[in-house]
Amino acid sequence: MLPEGVVQADFDNAIGELRDALSPNAVIVQDDARYTSYTDAYTPRQLEDNAPSAAVAPLDIEQIQRVLAIARKWKIPLWTVSTGRNFGYGGPAPRKAGCIVLDLKRMNRIIEVNEKHAYAVVEPGVTYQDLYRYLQARDLKLWSDPSAPAWGGVLGNLADRGVGYTPYGEHFTAQCGMQVVLADGTVVDTAMGTVPQARSKHLYKYGHGPWVDGIFTQSNFGIITQIGIWLMPEPPGYRPYLITFPEEDDIHPITEITRPLKINMLIPNAATTVGLIWEAAVKVTKAQYFDGQGVMPESARRKIAQDLEIGSWNFYGALYGPEPIMDNNWKVIEESFRQVKGARFYSAADRAGDAAFDYRAKLMRGIPNMTEFGLLNWLGPGSHIDFSPISPVTGDGALRQFHVMRDLCHRFGFDYIGEFLVGWRDMHHVLMLVFDRTDEDHKRQVRELFTALVAEAAREGYGEYRTHLDYMDAIAATYDWNDRALYRAHEAIKDALDPDGILSPGKQGIWPGRSRST
Amino acid sequence: MAATRRAFLQSSLIVMSLPLSAGPKLGSFGEERRLRVVTDTVCDDTRRFATMCGRHVEAIDVDPSRCLSSLEDDFRTHRIDLVFGLSFDSNRFLVEQIALQYAFRRDYLGIHDFRSGRFSHRLEGHGRFVDALGDAVETNPASWIEAMAASLSLLSSPDSTEKAQLTGVAPAQGTGSTAYLVSWSLRRG
């Protein structure tokens with residue numbers, strides 16, 4: 001496996017120079033036992049389709065600069081990852097086979113936590129678990145906002161515009177201050193950070209002049225090496241709750257009720273409306289309820305709902321603050337959702353010992369955990385890729401999107417396993433496509449389903465907020481208004497900042513000039 | 001509500017330290033090879049296996065975070081050379097992804113598929129272990145857990161002879177909560 005257009009001798013020279021520039025142990029080649037950790041273990045295709053030629057793991061910015069110089073010299077593309085754990089979207093593997101993975105997980109310093117102003121500054125290798133432990137060990141009254149898996153990287157998740165579940169759930173909104181290394185090795189501090197002896201680097205986002213932080217997210221214009229992120233002060237009170245709804249079409253009234261509550265901040269957090277199977281799969285497997293092939297029948301779904309006391313939809317939210325405020329907000333929330341026939345309300349005490357409630361309650365108060373991986377046991381040897389369109393917070397929009405996605409899933413023989421996360425004015429509809437990775441037919445079917453989902457969503461006017469490696473081009477192609485004006489702008493920036501095209505080619509469908517026709 | 005199932009899921013997440021006499025003579029093997037055995041706490045089969053193995057057992061709860069952190073500490077500090085697991089596939093995946101970073105390789109994988117009250121076993125990898133376990137399972141299918149525990153010492157050294165074996169269908173014992181278990185070993189180097 002070599003990078004495209006690179007001959008073996010040049011590749012060997014580059015590997016030798018990387019070893020000299022960093023250390024032999026920091027360069028992982030294909031016969032190294034560690035190499036497999038840089039492949040896409042959940043791929044719906046074959047491992048080789050996105051396999052890297054090698055990986056290199058610098059310890060600091062100076063080492064990154066050395067790596068960049070060698071990559072420019074030998075025209076070898078790098079694929080940057082922070083912790084590389086985002087397996088629903090491709091894990092650490094590169095978009096294009098043959099890239100060298102630039103693995104930043106050894107850069108794992110928590111540079112600063114400021115309790116007074118409630119922010120942290122971290123390097124790419126810091127996980128949510130690391131940050132949580134740091135805060136706990138020092139008894140700091142601050143919460144981070146983890147992604148569902150604790151091993152996710154704080155910086156990497158933010159840079160990929162991931163979401164969490166506390167009131168700080170939209171991670172990029174909480175970003176303030178960024179350090180980036182450009183392809184030519186220049187180190188850039190953005191916004192206030194570029195003022196000598198900056199005193200407000202992580203307090204005010206924008207600085208003076210154009211605000212560029214956003215162009216380094218979901219992109220390949222530079223390597224983010226440090227990020228400031230606002231943390232949530234620990235509130236005086238916390239009450240998670242669950243409301244279950246019996247019917248699939250209840251997503252309409254749930255969403256209509258949620259919108260004003262969210263916009264007016266009576267629901268302060270990134271509340272989640274979870275479909276039945278996503279909710280159940282943490283606790284039971286499909287084979288316990290259905291031994292046949294294909295989509296689970298309605299009778300089995302009803303049995304699961306009855307056994308586990310869950311709904312077709314399960315709304316997880318939380319109250320934060322002093323007791324009187326929580327009491328008052330709860331009255332409004334309860335009265336609002338009680339309008340939906342069959343709604344049932346649960347507190348933490350009601351669901352004591354419930355694994356699904358427990359992990360949601362942890363996430364909504366910033367405690368990282370790994371429970372959600374358990375739902376891949378739904379199918380035994382389960383893997384997943386995620387399809388994630390954005391929905392308006394309207395009943396009609398959510399219901400329509402749900403019907404379209406569910407019906408397509410069923411047409412291809414897949415159960416609908418999805419959830420809606422409400423943001424400030426949108427919902428992230430995350431559809432988890434769980435497939436049997438030992439079954440080549442099932443892998444083919446999930447690829448076909450995904451392709452159909454992209455096309456159908458585009459026809460309906462929906463775009464995806466993020467995607468798996470294999471579908472970055474397909475989804476980029478749907479952002480095509482005015483003869484791809486947006487992507488032509490992306491390409492102009494790419495050419496200006498990375499003329500050799502060495503940084504993460506193909507990331508989010510942005511290719512360097514020499515690869516644009518492929 | 002599924003109270004029994006929920007009770008399983010809430011089994012405490014602890015490192016089980018049982019007396020050596022409770023196990024199948026794993027003690028010296030475990031000490032010498034710096035072995036760690038990983039099991040889920042959620043079904044009878046995995047818990048029975050944990051009991052058979054005595055100490056060196058790391059139990060994975062419904063939230064595997066603590067177990068994974070503990071294992072990673074041991075990988076990083078070279079306290080473990082070999083990990084053997086009987087678990088859900090999701091937990092195998094998590095442990096393996098961490099172990100790979102520390103130059104471990106998988107040298108055995110067994111799939112134990114439970115459907116309609118019966119298990120089938122597909123074993124692949126480490127030749128001596130697969131032969132021994134496969135033969136034992138065919139001879140006495142009801143005791144596959146015991147056979148697996150008794151065969152662990154065969155993993156004390158690598159065996160590059162790759163074997164694959166698919167056994168007949170075996171009656172399951174005591175399982176009602178899972179459909180699909182995997183056994184696996186990861187070896188440093």
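Guide: A starting point: two strands pair if DSSP finds at least two bridges between them. Helices (H or I, at least four residues) and strands (E, at least two) are DSSP runs, numbered from the N terminus.

Visitor: And what am I looking at?

Guide: This is a predicted model, where local features need pLDDT of at least 70 and side-chain atom pairs count only at pLDDT 80 or more, while totals for chains, interfaces and linings use all residues. Residues are numbered from 1 along each chain as its sequence is written, and chains are lettered from A and ligands numbered from 1 in the order in which they are written.

Visitor: Sheet first. What is the strand order in chain A's open sheet of five?

Guide: E5-E6-E10-E8-E9, with antiparallel pairing.

Visitor: Which strands stand at the edges?

Guide: Strand E5 (110-114) and strand E9 (187-189) of chain A. Each has a single partner strand, so one side of each lacks a neighbour in the sheet. From one strand to the next, the twist averages 10°. Axes here are lines fitted to C-alpha atoms, for helices over the stretch in contact, and angles run from 0 to 180 degrees between N-to-C directions.

Visitor: How many bridges link E5(A) and E6(A)?

Guide: Four, in the antiparallel sense; E6(A) covers residues 119-122. Ile110(A) has Val122(A) in E6(A) as its bridge partner.

Visitor: Which helix packs on that sheet?

Guide: Helix H3 of chain A, residues 128-137. H3 touches E5 and E6 of chain A, and its direction makes about 50° with that of E5(A). Two residues are in contact if their C-beta atoms, placed from the backbone, lie within 7 Å.

Visitor: New topic: how many residues does each chain put into the A–B contact?

Guide: Chain B gives 29 and chain A gives 29. On chain B's side, H5(B) supplies the largest share, seven residues. That side holds 14 nonpolar residues (Ala, Val, Leu, Ile, Met, Phe, Trp, Tyr, Cys and Pro), seven charged (Asp, Glu, Lys and Arg) and eight polar (the others, Gly among them).

Visitor: What about chain B overall? How many helices and strands?

Guide: Seven helices and eight strands. Of its 189 residues, 49% are buried, with 20 or more other C-beta atoms within 10 Å of their own, C-beta atoms being placed from the backbone.

Visitor: Where is Ala142(B)?

Guide: In the loop between helix H6 (127-139) and helix H7 (144-151) of chain B.

Visitor: Why does Ala142(B) count as partly exposed?

Guide: Because Ala142(B) has 13 C-beta neighbours inside 10 Å; exposed is 12 or fewer, and partly exposed lies between exposed and buried.
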